[in-house]
Amino acid sequence: MYQEVAFDPQCLGEYHYYGLLKERFGFEAGRYVVAPVKEWVKEAYQSVQESETMQPIKKKSVKNFLNKLLKSKNNSFVILPLPRKGLTFDNWQSWYEKQHQESPFYVVVSERVLGALDYDSLIDGHVSWSIPPTICINKSAPEIAKILKPLLKLSDTVYLVDQYFSLANNQVLQAIFEMIEKDGTVKNFHLITSVDTKNPKRVFINEYSSNFKFMPKFSLTVVPQKFFHDRYLISNIGAIKAGHGFSEGVTQGAQADKLSLNICSKHESNDVIKQLEKIINTKQAAITYLN
């Protein structure tokens, strides 16, 4: 539900790409431009400066936007996740080609890269550009993990809020740790549940940490029953809301076999974190650090 997009900074020489960037990227849009921010902004700025089609007042707007991106510590449009760091950046096109060869981007937006999508393809609703409002999957660990993977790959800190999500004997959590070990992006993982596991430290060591070379800092917070009705995976980059939680389910041949997920708003996800902090501060819930 979240896409890594290679967005050619040369496109910013056309004003409509600026509108596309502001409207179709970010926390609630499910897309991020993936690139080194400083280098990407530099090329985009040059493209705007050299544009022969953009009016001066529009050039000023785009330049102001790029300057804000450059100064922001946590901008909402351009990010560079850990797995994509390390390659030198001579220019965007050569950097993109090396990156795409090692790990393909979900979407490439450019007017000079062969096979990339241009503005017309995007506004016409190209299938690669589509992010449906909800996604329905089977309640199996592989399918749940597959949906969560793009967001986990981009995120540094993650909160999994699900009152019925168990620490013990959980294949979904096992699959999540496998992805985290491979990508190494997630550094802090917080599980918030109403399931009170006996001796959670021992369970965590026996079932998870002893089986992986890399584990993020992991905390378990047991909250009162039904304090959080809805279930979320919330990160510093985005949030996913799950109708029936993130646990596996037994197939019964009914509509309830399906798990429905959608992108959650920034306002709602922020409120969930505030409510969590509140019940911790008022001693209604306590954090146990397991790693």
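# Exercises on a predicted chain

The chain folds into nine helices and 12 strands, where helices (H or I, at least four residues) and strands (E, at least two) are DSSP runs numbered from the N terminus. The model is predicted, so local features need pLDDT of at least 70 and side-chain atom pairs count only at pLDDT 80 or more, while totals for chains, interfaces and linings use all residues. Residues are numbered from 1 along each chain as its sequence is written, and side-chain values use heavy atoms, with hydrogens and water left out.

**Exercise 1.** State what share of the residues is buried, then describe the largest nonpolar core.

Solution. 
- Buried (under 20% relative accessible area, 1.4 Å probe, protein chains only) applies to 48% of the 291 residues.
- A nonpolar core joins buried Ala, Val, Leu, Ile, Met, Phe, Trp, Tyr and Cys residues through side-chain atoms within 4.5 Å.
- The largest has 95 residues, and F7, W40 and L167 touch the most other members.
- Helix α6 (residues 141-154) supplies the largest share of this core, eight residues.

**Exercise 2.** List some contacts (heavy atoms within 4.5 Å) of L167.

Solution. 
- Residues up to four places away in sequence are not counted.
- Among the residues touched by L167 are L173, F204, Y208 and L290.

Terms used:
Buried < 20%, exposed > 50% of the residue type's maximum accessible area, 1.4 Å probe, protein only.
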